[in-house]
Amino acid sequence: MVRDGVVLDPAAYCTATRIGGQSIAEVIDGMKVAEQVGRGATLVLQSLHRQWDPVVDFADDLMAEIGHPVQINAYLTPSNAAGLRPHSDDHDVLVLQVDGSKQWSVDGLGDVHLRPGDVLYIPAGCEHSAATGGELSLHLTVGILRLTYRSVLDRLLADGPSDLDEPLPLGFHLPRPPADPRALEVGVSRMLTSVVSHLRSVRVADVADRERRRELVPYSRRGQLRSVVELGDLSDDSVVRWVTVAPRMQPLTDESGSPTGRFRLLLADRILQMPHAVGDAIDHIAQARGGVRVSDIPGLDQASRRVIARRLVREGACVVDRG
């Protein structure tokens, strides 16, 4: 909770209690929250894109549309009050007025009065502030966390020349190093030459294609716990649905460079090793928007279809739809 730009001490709206035999000092107290709102404090509900299903779905749909990650917070401000002082954010913001109204002051735009259903775009770095009039106001802020060309370059250099990871020369910080006084300059020059050579070898079309294939991790994970708990009930009639990023597969080779018959499956937060025979099945499941019946998974026998379906559910790539 905040009031006129000052973040309130959690003790002002929390109460200590015992949960699971342990004392927890900061548990939200509804009565205290209401009291602080009555005194002019703004209630900030952070990360609704991870917590409330309608906002979770909205965030996932928006990310799928624009290709950039988003975060969504809610701000409930009482009448004749201001939560935050004039400030700017390092990300773009879309303000969606949900209930009541709010007066905004935006650098370069002036004063803007928002009513329910109105949307205000505030670019990154643009100073802004907001205050209410004679009524309670609720709005959502949708933060768009930009994916930039700098991040593309960072990924290119992560796969770049190994000499980028070499240490600087010993004593490089001294005004007169005991060894070669130009060792640092020579090293930097060599490093830049390696980087330029690496970047010149990169095909622009390949870089663009890789960035297009990068997918954001959806926030929705409804049904995942139930799916894992009930894995023992999975049958040929069960429907599994892909719920994470599109799978990326990298063939594995031995020390001589020969294929091993297995591949690395790159998911959002983990890397799995799989036999080559299940590659087409995984790709089929991932591309089927409405899910796939286990009995319809292609290229595998009955037992293997169940095995791969259970593995993908257990690893968080799929959930089981009840239908």
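Begin by selecting helix α7, which lies across β13, β17 and β18 and runs at about 80 degrees to β13. Here contact means heavy atoms within 4.5 Å, and axes are lines fitted to C-alpha atoms, for helices over the stretch in contact, with angles from 0 to 180 degrees between N-to-C directions. Helices (H or I, at least four residues) and strands (E, at least two) are DSSP runs numbered from the N terminus. The model is predicted: local features need pLDDT of at least 70 and side-chain atom pairs count only at pLDDT 80 or more, while totals for chains, interfaces and linings use all residues. Residues are numbered from 1 along each chain as its sequence is written, and side-chain values use heavy atoms, with hydrogens and water left out.

Select next the three strands under discussion. They form an open sheet in the order β17-β13-β18, with antiparallel pairing; two strands pair if DSSP finds at least two bridges between them. Because β17 (292-293) and β18 stand at the edges with a single partner strand each, one side of each has no neighbour in the sheet. Two bridges link β13 and β17 in the antiparallel sense.

**The largest nonpolar core**

Now show side chains. A nonpolar core is a set of buried Ala, Val, Leu, Ile, Met, Phe, Trp, Tyr and Cys residues joined through side-chain atoms within 4.5 Å. Buried means under 20% relative accessible area, exposed over 50%, and partly exposed in between (1.4 Å probe, protein chains only). The largest core has 26 residues, of which V240, W242, M274, I282, I297 and L312 touch the most other members. Two or more residues each come from β13 (239-242), β15 (259-266), β16 (271-275), α7 (279-287), α8 (302-314) and β18 (318-321).

Centre the view on I282. Leaving aside residues up to four places away in sequence, I282 touches W242, P247, M249, F263, L265, M274, I308 and L312. A second, separate core of 13 residues includes L48, I72, A74 and L140.

Move to strand β6 (residues 70-77), where six of the eight residues are buried. Strand β5 (residues 43-45) pairs with β6 in the antiparallel sense over three bridges, and V44 stands opposite Y75 in β6. Strands β6 and β12 also run antiparallel, joined by eight bridges; Q71 is opposite G143 in β12.

Within β12 (residues 137-144), select T141. T141 counts as buried because its relative accessible area is 13%. Apart from residues up to four places away in sequence, T141 touches Q71, I72, N73, Y75, V93 and L94.

**S201 in helix α4**

Select S201, which belongs to helix α4 (residues 183-201). S201 is exposed, at 53% relative accessibility. A polar atom of the S201 side chain lies 2.6 Å from the backbone oxygen of H198. Such a polar contact is a pair of N or O atoms within 3.5 Å; within protein, one must be able to donate a hydrogen and the other to accept it, and residues adjacent in sequence count only if both atoms are side-chain atoms.

**Cysteines**

Finally, select C14 and C318. C14 is buried at 6% relative accessibility, and C318 is buried with a relative accessible area of 1%. The whole structure contains zero disulfides, a disulfide being a pair of cysteine sulfur atoms within 2.5 Å.
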